[in-house]
Amino acid sequence: MTETAPGPSTGSDDPNLTMGIDPYERNWMRLSIALLVAFAATITVAGFSMGFAVPGADGEVDPRTVLETEPWSSPGLREISPGVYEAYVVAQTWSFNPRELEVPVGSELTIYVTSPDVQHGFSVRDTNVNMQVVPGQVSKLSYTFDEVGEFPYICNEYCGQGHAAMYGVVNVVPASAVSAGNDNDNASDSAEAQGDADGQVD
Ligand code: CUA
């Protein structure tokens, strides 16, 4: 009778100790790597083909002088071409200027917002428009309003005692009911513009 050595095998001779990876551990490693690849792909697609980006240097303003600088010195709605609008909105303690934006149904509205004082928010109900408004930065989002109705916007970033008073509304009206503010030029202008827009590929 010979006695076998009961102890563990001594280190590097044992392939299980040098090479082996537990199958579960291997699967979790694969999953982790796959997630990293998926996240990187998501950021790449969002950034390069969908236009998502953090504010760049061209979105910077000086919050101390922004209200004296065009276009922020006269905030409001501008019609760029038929059905395409831009709105410059100042979020300040404790109101939005302007408080109302009116566009015809089907319009694409690009909203630019900035703040001369503290951080605010700009969120339009029933849409995915939801921006932080940071002093010194211009926040920008586009949205196409395909339904007639009132779309209230609010400040959703606590900004002081008047926070709850910061609200306004996007009025989306039937195409035939655009108020005088938007179409006080004569009708032939817009007919011409319509023709121009039709001639463009984009
Ligand atoms: Cu501005 Cu809350």
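Which residue in β9 does V124 stand opposite? Y153 is the residue that V124 stands opposite in β9. The model is predicted.

## Strand β6 and its partners

β6 pairs with β9 through two bridges, and the two strands run antiparallel. The V124 and Y153 positions belong to this pairing of strands, with Y153 on the β9 side. β6 also pairs with β7, again antiparallel, here through four bridges. On that side, S123 has N130 of β7 as its bridge partner.

How many of the five residues of β6 are buried? Four of them are, so β6 is largely enclosed by the rest of the structure.

## The nonpolar core

The largest nonpolar core has 24 residues. Six of them touch the most other members: V89, A91, V103, V113, F122 and V170. Several strands each supply at least two residues of this core, namely β2 (84-92), β4 (100-104), β5 (108-114), β6 (120-124), β7 (130-133), β9 (149-154) and β10 (167-173). β2 gives the largest share, with five residues.

V113 shows how these parts meet. Its contacts, leaving aside neighbours within four places in sequence, are V89, A91, F122, M131, V133 and S139. V89, A91 and F122 are also among the core residues that touch the most other members.

## The β6–β7 hairpin

Five residues lie between the strands of the β6 and β7 hairpin. D126 sits in this loop. Its phi is positive, about 65°, although D126 is not a glycine. Most residues other than glycine have a negative phi.

## Two cis peptide bonds

Most peptide bonds are trans. One runs from T93 to W94, with omega near -5°. W94 lies in the loop between β2 and β3 (95-97).

Where is the proline of the cis bond that joins N97 and P98? P98 is found in the loop between β3 and β4. Omega for the bond between N97 and P98 is about 5°.

Definitions and conventions. Residues numbered from 1 in each chain as written. Predicted model: local features only at pLDDT ≥ 70, side-chain atom pairs only at ≥ 80, totals over all residues. Core = buried A, V, L, I, M, F, W, Y, C linked by C-beta atoms within 7 Å. Buried ≥ 20, exposed ≤ 12 C-beta atoms within 10 Å, placed from the backbone. Contact = placed C-beta atoms within 7 Å. Pairing = 2+ DSSP bridges.
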